Amino acid sequence: MRKDILLAVCFLMPLASVAQNDTLGHERNITLSEAIVLARTQSVDAAVALNELKTAYWEYRTFRADLLPEVNFTGTLPNYNKSYSTYQDSDGSYSFVRNNTLGLSGQLSIDQNLWFTGGRLSLTSSLDYLKQLGSGGAKQFMSVPVSLELTQPVFGVNTLKWSRRIEPVRYAEAKAAFISATEEVTMKTITYFFQLLLAKESLATAMQNKTNADRLYEVAIAKRKMGQISENDLLQLKLNSLQGKADVTEAESNLNAKMFQLRSFLGVSEQENLNPVLPATVPDIKMEYDCVLNKALERNSFAQNIRRRQLEADYEVATARGNLRSIDLFASVGYTGQNHEFSSAYRDLLDNQIVQVGVKIPILDWGKRRGKVRVAKSNREVVLSKIRQEQMDFNQDIFLLVANFNNQAQQLDIAEEADVIAEKRYKTSVETFMIGKISTLDLNDAQNSKDEARQKHISELYYYWYYFYQLRSLTLWDFERDTELEADFEEVVRG
């Protein structure tokens, strides 16, 4: 749907005089697409969306790191102990024994989380050194060259396995939310852009009406002297002239407010007077509800949000069930050696095996743990009920938005044609009034109709673009190019 803007350009020509109200600044024409680009790169809202994406990105990277092996070193360098402790002699009496030792210890381990069982497997090597200080003090080395350790909860919830299901969905939700937030920045830009456009148009209209009112009042004075109009009509035209001055002052104040609002949002200098350019064309697109809904359900962060909340509710139930009883297995196999010399501590190694099974089963807890399971299940049902309602509301919102967008194209055509007709009618009314064929009431009516039609035209154009980008925000789809809205998230995060 190509839009002829010749009339719009002619109508906006008086706006050039508005620059006179800020002699320190300079005029800058700005199109809607230019304003959108600035907002996406410089606005605070865009920065907030980017930082939220970065947070989600590094949280996901942290989760991925939990699946990889870790290399850790732990040690005590040194452990100096000079103290007294109690000692029981063979006859049952107690005495105090002096401790005066220096110890060193170190352990190197490779640890791997086992997501499929929820356990942890570690390959370790350690060395301990103990020296008794003072005269005749001895030294001792103990080595564990290699040891394989397994820590495994038997009935508890496998947190890592659940994380492998939840975290990718959470990150996908964050990526979709970032693109949606970018489109929402665009929608806010459109609102501020058209508010400024309407403010400039209102000022231009007020100035034009004031000029016409002053000219008509001067003509009316001459006509009144010749007896061609009544005193009442003369006074009405004088009131129109005074109202024109008031309207100009009010329009200038509104323009300054809307100018500051857009400049602040786009992050541009206060020395620039932004002159919004009326969009020349709008996309000739017809939306289909089923197509839009499918794209929204497939790509919108809402779909990922639903999946994540379902998984988190299931995880809470699994956690409550896992807490009904607890059995933990610890097993360690390896070799150990000890000697007074460092090199000998790695010879004649002996077996070093440990197996522990810890059990915690409640005998009587008055139903506390089973009550927590029931609470988790009830919370899950509440979440699922809310999700079903949100799904219905989401589908309804999509339906209404598609209907509004498709209707808006027709509304825009009607408003554009009415704008042209109202302008012609006003010019004709002025000419007719000059020759005394119509009254001031008819002239005022034509002027009001002209002003309202112009405002209506711009408002309908605003709603068209707003609905269009709202649909983009919900579907993450570029309907003009028929391609998905995507971003290089690695580049965005690191950029």
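This is a predicted model: local features need pLDDT of at least 70, side-chain atom pairs count only at pLDDT 80 or more; totals for chains, interfaces and linings use all residues.
Figure 1. Leu102 is 265 residues away from Gly367 in sequence, and the C-alpha atoms of the two are 52 Å apart.

**Figure 2. Val355 in strand 8.** Strand 8 covers residues 350–360 and includes Val355. The relative accessibility of Val355 is 65%, so the residue counts as exposed. Leaving out residues up to four places away in sequence, Val355 touches Leu329, Phe330 and Ala331. Thr86 lies 269 residues from Val355 along the chain, with 32 Å between their C-alpha atoms.

**Figure 3. The hairpin of strand 2 and strand 3.** Strand 2 (residues 70–88) and strand 3 (residues 94–114) run antiparallel and are joined by 17 bridges. Within this pairing, Asn72 is placed opposite Ser109 of strand 3. The hairpin has 5 residues between the strands, and Gly92 has a positive phi near 95 degrees there. Strand 2 also contains Pro78. The peptide bond between Leu77 and Pro78 is cis, with omega about -5 degrees.

Figure 4. Strand 4 is joined to strand 5 (residues 139–153) by 11 bridges, and the two run antiparallel. Leu121 has Leu150 of strand 5 as its bridge partner. In the hairpin that these two strands form, 6 residues lie between the strands, and Gly134 takes a positive phi near 100 degrees. Strand 5 pairs with strand 7 (residues 326–339) as well, in the antiparallel sense and over 10 bridges. Here Gln152 has Leu329 of strand 7 as its bridge partner. Leu329 is also one of the residues that Val355 touches.

Figure 5. Ser126 is part of strand 4 (residues 119–132). Its relative accessible area is 13%, so Ser126 is buried, the cut-off being 20%. Neighbours within four places in sequence aside, the contacts of Ser126 are Gly106, Gln107, Met142, Ser143, Val144 and Tyr346.

Figure 6. Asn29 stands opposite Asn275 of strand 6. Strand 6 (residues 272–276) is largely enclosed by the rest of the structure, because 5 of its 5 residues are buried. Both of its faces are covered: one carries Glu272, Leu274 and Pro276, the other Asn273 and Asn275, and all of these are buried.

Figure 7. Leu476 has a phi near 55 degrees, a positive value in a residue other than glycine. The residue lies in the loop from helix 9 (440–475) to strand 9 (477–478). With a relative accessible area of 2%, Leu476 is buried. Asp482 is not a glycine either, and its phi is positive at about 55 degrees. Asp482 sits in the loop between strand 9 and strand 10 (483–484). At 54% relative accessibility, Asp482 counts as exposed.

**Figure 8. The whole chain, for orientation.** The chain contains 10 helices and 10 strands. Its radius of gyration is 39 Å, well over the 23 Å that the globule rule gives for 495 residues, so the chain is more spread out than a compact globule. Along the principal axes, the C-alpha atoms fill a box of roughly 140 × 50 × 45 Å. Of the 495 residues, 38% are buried. Of the contacts between residues at least 6 apart in sequence, 77% join residues at least 24 apart. There are 57 positive and 63 negative side chains, and the centres of these two sets are 5 Å apart.

Terms used: Residues are numbered from 1 along each chain as its sequence is written. Side-chain values use heavy atoms; hydrogens and water are left out. Two strands pair if DSSP finds at least two bridges between them. Helices (H or I, at least four residues) and strands (E, at least two) are DSSP runs, numbered from the N terminus. Buried means under 20% relative accessible area, exposed over 50%, partly exposed in between (1.4 Å probe, protein chains only). The radius of gyration is taken over C-alpha atoms; the globule rule is 2.2 Å times the number of residues to the power 0.38. Contact means heavy atoms within 4.5 Å. Lys and Arg count as positive and Asp and Glu as negative; His and the chain ends are not counted. The place of a charge is taken as NZ of Lys, CZ of Arg, CG of Asp or CD of Glu.
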